[in-house]
Amino acid sequence: MSNEALARLAEERIDHRFKGLPPDADGRTVAELTAQRRNLFTDGFATPVLALSAERLEHNLDLMETYATRHGLAFAPHGKTSMAPQLFQRQIEHGAWGITLAVPHQVRVARAFGVERIFLANELVDAAALRWIAGELAADEDFRFICYVDSVRGVELMDAALRGTARPVDVVVELAAGEGARTGVRTEAECAAVADAVAAVSTLRLVGVAGYEGEVPRANPERVHAWLRRLVALAVEFDKAGRFAGLDEIVVSAGGSAWFDAVADEFAEIPGLSVPVLKLLRSGAYVSHDDGHYRKLTPFNRVPEEGALEPAFRLWAQVVSRPSPEQAFVNAGKRDAAYDLDLPFAQVVRRDGAERPATGISVTALSDQHAWLATTDEADLEVGDWLGMGLSHPCTSFDKWQLIPVAEADGTVVDYLRTFF
């Protein structure tokens, strides 16, 4: 990655664009504010403010690096989770092969920060984006780009946009997770037809197969393993048919954040093919984990001997109304917190520097700028208290914040993560 581009992030000036940051930090650079090592609770941060745990973030990065290495997997974590180039850099420092992305804008962000290996988990048929990708490939011989194809029509559109370009675009045939699932080719026969279409053009190069087991209908271990075996069998069949002739490696890729243990199991069974196999895992939510959706779904619940991810996000808001013993309101809502999968979880209350469990407090609804709290007789809550809340679904937590403080356990802010959504 580009150290110069990352360094420029530290030169950005703090101002009204970045919510939650101390008002008296306006005009300072991010680097200057970082050097002050301000405390999240006592040095002027305004509520609501989202913070990431420095210790838990590092733990999660370490754990998935160890997991991928132990299972012989290359790792291209999905960058759409955070869209934070500083995290991309740390993921690569922790052994990531590259970064997975979903749409052309995200690829442009990654390239602006010098990411050299990108896996686009989507078919790309936008002509302007394809021409830009072709320009990036022509200008940088070290740039590796791979994307899905899932239709003959898609191949035709890609070929039309790329004619005359210097390097072919590497593609993998996406096998759908089943009938009624999301994108991808539904049958092996159709996969062969798509592969034939790729072979018939000079602008594309077939390098493997891929898919997303998280879309398996009514997913359970049996169904997920069965689909992964189909994916592996497709790679084997394509190789036997000579579809990968001339390659240095064959790409076989899957793996969201809910079934990567199944991916590890089935990819371990890939037989020897004509050239080495790049077994590419793409899980992304691990980096921050969460207190809801992925806490329940993480594969580490099934294989606890391999470790455990730790939820790194906490959203801090302040009690602004206590209209009755059964009800209270804090000043964070849909503009600040993920709510597409679960509501935030009340965890701790801070008052006068002391922190205690949020006993008897639950979040029952969100307005645009308020969270509705139900409080029982056990709840000790007053106007002015700070409420720390856990969140569910990292992908819709990062995207509401442009500059996120990274705080140590005592509240010392040691970094700020810039996001680009």
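Is cysteine 191 buried or exposed, and what is its relative accessible area? Cysteine 191 is buried, at 0%; here buried means under 20% relative accessible area, exposed over 50%, and partly exposed in between, with a 1.4 Å probe and protein chains only.

A quick note before the views: this is a predicted model, where local features need pLDDT of at least 70, side-chain atom pairs count only at pLDDT 80 or more, and totals for chains, interfaces and linings use all residues. Residues are numbered from 1 along each chain as its sequence is written, and side-chain values use heavy atoms, with hydrogens and water left out.

**View A. The cysteines.** You'll find zero disulfides in this structure, a disulfide being a pair of cysteine sulfur atoms within 2.5 Å. For cysteine 191, the nearest cysteine sulfur belongs to cysteine 147 and sits 15 Å away. Cysteine 395 is buried too, with a relative accessible area of 11%.

**View B. The eight-stranded open sheet.** Read across, the strand order is β2-β9-β8-β7-β6-β5-β4-β3, and the pairing is parallel. Strands (E, at least two residues) and helices (H or I, at least four) are DSSP runs, numbered from the N terminus, and two strands pair if DSSP finds at least two bridges between them. At the edges are β2 (74-75) and β3 (99-101), each pairing on one side only. As for what holds such an arrangement together, strands of a sheet pair through backbone hydrogen bonds, either parallel or antiparallel.

**View C. Strand β9 and its two neighbours.** Four of the five residues of β9 are buried, so this strand is largely enclosed by the rest of the structure. On one side, β8 (residues 250-254) and β9 (residues 277-281) run parallel over five bridges. Valine 252 stands opposite lysine 279, while alanine 254 has leucine 281 as its bridge partner. Leucine 281 also has phenylalanine 75 opposite, and two bridges join β2 to β9, again in parallel.

**View E. Helix α4 and its surroundings.** In α4 (residues 85-93), the buried residues are Pro85, Gln86, Leu87, Phe88, Gln89 and Gln91. They pack against α1 (3-10), α3 (54-70), β3, α5 (104-112), α12 (395-398) and β18 (413-418), with contact meaning heavy atoms within 4.5 Å. Just past the helix, glycine 95 takes a positive phi of about 95°.
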